[in-house]
Amino acid sequence: MQDQRFIEFSFPVKEVSGQGAKEKNIRHGHISTLHIWWARRPLATSRATNYAALIPAPKDIDEYNKKRNFIVELSKWENSLNHQIINQAREDILKANDGKPPKVLDPFGGGGAIPLEALRLGCEVYSNDYNPVAVLIQKCTLEFPQKYGKEKIKIKQKNGMFEEEVSKLVYDVEKWGNYVLEEAKKEIGKFYPNDENGSIPVGYIWARTIPCQNPTCGAEIPLMRQFWLAKKSNKKVSLYPYVEGKEVKFKIVGDGYEPMPQDFDSSKGTVSRAIATCPVCGGVVEADTTRKLFQEGKSGERLIAVVLYKEGETGKRYRVATEKDYQIFKEAEKYLEEKRRKLFEEWGIDPVPDEPLPPKETLGFRVQRYGILKWGQLFNSRQKLALITFTEKVKNAYKEMLKEGYEEEYAKAVVSYLGLAIDRIADKNSVLCRLISQTEAIGFTYGRQALPMLWDFIEMNVFQHSSGWYETVREILNNLKVLTQTTFFNDITPTITQSSATNLPYPEGFFDAVFTDPPYYDNVPYSYLSDFFYIWLKRSIGDLYPELFSTPLTPKSQELVAYSNIEGGFEAGKQFFENMLKKAFQEIHRVLRLNGIAVIVYAHKSTEGWETVINALLDSGLVITASYPLNTEMQSRLLASETAALSSSIYIVARKIKKERDGIYNDVKEELKNYLNKKLDLLWKEGISGADFFISAIGSAIEVFGKYRIIRDYEGNEIRADKLLEDIREIVINYAIKQILHNGISGQISPLTKFYLLYRYSYGQAKVHFDEARKLAQSIGIDLEKEWNKGFIKKEKEFIKVLSPTERKDYDDILKHLENADLIDILHLVLKLWEKGEKDGLLKILAETGYGQSEVFYKVAQAISETLPVESKEKKLLDGFLTGKERIISALKDGNIKGQKGLFE
């Protein structure tokens, strides 16, 4: 292959991964604060991989070290606007491309991270997405800053002492953002009045309610998952429910209020998993009944408390809601109906979104179970009033700009940012926003990529809260200031298109490179999630973008997601996704020039998801030349996950070149084994571990079999991804066991013990989908269905969980069959005895089984300990036991063993 690129030769995985993970915690000026989009790639990894794919491979070790160090510096967030570094990167790319900016495409542009970095590096950028919300985000991220961000105007500072030069686009977004705020406040500010003592209500805490089903009670049950208001190290404040007659009332208790009652647990509310308990009579309402009451319209909502802030004082205060608070809300509700009728006549569409939510049981959507069937039902009356008022004022702002002589396309760009601001207000001001007691902040509607039911919620004062309109526009401005500086590196305006990635509007061989991050199987239901924003954008600026907002909701027929709610269920959704992804990769192949390069990001954690992408790549005509695992996730998200989570995405490098001859399966398998063992050494040294290690190995393996036109066995059968993945897993597992155990004792331990060790290494203490666990078990000769629910392997619905020594309940069975017990069972039994301080029983078990003086036994214990995090209780037990190893062996040699008494009393 001619013209090898740096990324095909090497890449600083560890250093760039560190920058990518670090960036996830950056908000000031980051594009993530412009508008939410799911699964955005970090700018650091996007910039570094784009650059490494566009410059030539090093000629010698000196050039390698120089370029490697430069890539690390280039990836740092603080160097995003470093003109010296960025201009150097641009010059390197131009030199490698005969002095012309390379034409670069992202067919799945999404939130715009990858094309933004290509733009920063001086490329001629084309970005596409099927989703209209994503297209608008990209216009605001890529196109408008580039088109309008360079013009500067001089403004006087507030003190009038000196002038400051700012981008006209930034200035106008701020100016008209303030216009919208003031106009909205004039009209509806009265529905958020200050308290008589000058305190400012910044939030209102509500609880949904249902009637108690005890016929002798019938009390109104306020549904609250817990009662904490502030749960900080230096501030503990809670709501305290008490009963008067048949009414549940509240008061504020804790620091600065009445003392917290000693027997009161603020973390235990009145409802959990839809099962409600009546505080009046103690009656229980079952989950199905709770849902039915909501569906039948027998639920309600109750204003419980008000969150306050006072100028000159630090921190928030709380008070119980009064009848006056509720009456003001009712006035807002009445005004909403008047305004709604008026705007309906003007707009020709209901200003309150009446479009339907997705079908029941769509990925991540649970609110439909409670009778919430339209998008507008996700907001209470005052929230609706605020949103439609801001929407109206944004529409008016555009008209006012035209009256003042603004050019139409420029005015459209300015109000587009204000349309995004309305979306961000909606995300922080719905009935699915909770009060985060640890920070006293408001949580997002989309705290994760789902819409689960929320029992109690906080309503925001959009004019006074620190997450309200003013601060939202400030964050957009901070972002825009960075984006307008970013675009100065390039004079070429990017092209943003809306189409399916399976049918791109470009001729064959048009692009030098394709950098993209396609959807991952069924990970994110993009279209259904983004409908939440589409409905507001359609009302605020949709008439300015008829090509994007002409349909009732986002288009879905050509979306590349494996939905299981379509006709034919999961299998039909899976097949649809596989076919569409193959077409998308074939389109990438078509629009790339001969020898053009592609970098494709993939991060699905299931083997099934990988089978799909491998088969699609094999059928696309693209030839894989390299792959790298790069850390792209916040550590806090991974630690909080109950199920196994990947920290890495795999960056797959491919070329449009002629494939080699057909492959014979046995030969390819041997080639794969030799190549993969070398790559696994590198991955291990880079610190790649656990589930990431297995997935990274898949990326390396497709470098081998992806270069063949087709692979057949001796009988002429085509070998597809499922078989190749079996081979990969077998090679990786053998390698991993040797590395984990540090020596050649693998042959001395049973398949069950190997399974336990590998599971802990791969997934820690998380649950994994049954099929993933089955394939892991199968690769070491275990039939998982014969093992679950009788030892340490537990099946929970579609998940498998591997129990720790403290979670197991089958020790009596182990004791009855000691002679047939597996090493891992004896280790767990011994650890349980160690925890209980049963030294005599522990020694007796080790003596009877012979494991007490078995070096393999202790090495397995040590190996398991090394796979677990420091905070793990199992690790602490293992480490404690291993510190007493020499004393245990000595006692066994001396025969210092007493009877096995009081083992599990």
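## Tyr 370: a buried loop residue

Tyr 370 counts as buried, because its relative accessibility is 7%; buried means under 20% relative accessible area, exposed over 50%, and partly exposed in between (1.4 Å probe, protein chains only). Tyr 370 lies in the loop between helix 10 (323-347) and helix 11 (381-403). Helices (H or I, at least four residues) and strands (E, at least two) are DSSP runs, numbered from the N terminus.

Leaving out residues up to four places away in sequence, Tyr 370 touches Ala 274, Arg 291, Phe 294, Gln 295, Met 453 and Trp 455. Contact here means heavy atoms within 4.5 Å. Tyr 370 and Gln 295 are 75 residues apart in sequence, but their C-alpha atoms are 5.4 Å apart in space.

## Basis of the values

This is a predicted model: local features need pLDDT of at least 70, side-chain atom pairs count only at pLDDT 80 or more, and totals for chains, interfaces and linings use all residues. Residues are numbered from 1 along each chain as its sequence is written, and side-chain values use heavy atoms, with hydrogens and water left out.

## Nonpolar core

The largest nonpolar core has 298 residues. Such a core is a set of buried Ala, Val, Leu, Ile, Met, Phe, Trp, Tyr and Cys residues joined through side-chain atoms within 4.5 Å. Trp 469, Phe 755 and Phe 881 have the most contacts inside the largest core.

What does Phe 881 touch, not counting residues up to four places away in sequence? Its partners are Leu 827, Val 830, Leu 831, Trp 834, Leu 842, Leu 846, Phe 857, Tyr 858 and Ile 888.

An open sheet has 3 strands in the order 25-27-26, with antiparallel pairing. Two strands pair if DSSP finds at least two bridges between them. Strand 25 (768-769) and strand 26 (793-796) are the edge strands, each pairing on one side only. Strand 25 is joined to strand 27 (residues 799-802) by 2 bridges. His 769 stands opposite Phe 799 in strand 27.

Helix 21 (residues 751-763) packs on the sheet and touches strand 25, strand 26 and strand 27. Its direction makes about 105° with that of strand 27. Axes are lines fitted to C-alpha atoms, for helices over the stretch in contact, and angles run from 0 to 180 degrees between N-to-C directions.

## Aromatic pairs

A search of the whole structure finds 53 aromatic pairs. Rings of Phe, Tyr and Trp (its six-membered ring) pair if their centres lie within 6.5 Å; planes under 30 degrees apart count as stacked, over 60 as edge-to-face and the rest as tilted. The rings of Trp 176 and Tyr 406 have centres 6.1 Å apart and planes at 80°, so this pair is edge-to-face. The pair links distant parts of the chain. Trp 176 is in helix 8 (residues 168-188), while Tyr 406 is in the loop between helix 11 and helix 12 (408-428), 230 residues apart. Both Trp 176 and Tyr 406 are buried.

Tyr 759 and Tyr 763 also form an edge-to-face pair, with 5.3 Å centre to centre and 65° between the planes. They are 4 residues apart in helix 21, so about one helical turn separates them. Tyr 759 and Tyr 763 are both buried. Elsewhere, ring pairs link a cluster that includes Trp 37, Trp 38, Phe 365 and Trp 375.

## Charges over rings

The charged end of Lys 190 sits over the ring of Tyr 335, 5.4 Å from its centre. Lys 395 lies over the face of Trp 347, at 5.2 Å from the ring centre. A charge sits over a ring if NZ of Lys or CZ of Arg is within 6 Å of the ring centre and within 35 degrees of the ring normal.

How many residues of helix 6 (residues 113-120) are buried? The count is 8 of its 8 residues. Among them are Glu 117 and Arg 120. Gly 122, with a positive phi near 90°, follows helix 6.

Strand 8 (residues 235-244) and strand 9 (residues 247-254) run antiparallel, joined by 8 bridges. Leu 239 stands opposite Ile 252 in strand 9. The two strands form a hairpin with 2 residues between them, and Gly 245 in the turn has a positive phi of about 65°.

Most residues other than glycine have a negative phi. Arg 273 has a positive phi near 55°. Its place is the loop between strand 10 (271-272) and strand 11 (275-277). Arg 273 is exposed, with a relative accessible area of 76%.

Lys 797 is not a glycine either, and its phi is positive, about 55°. Lys 797 is in the loop between strand 26 and strand 27. It is exposed, at 73% relative accessible area.
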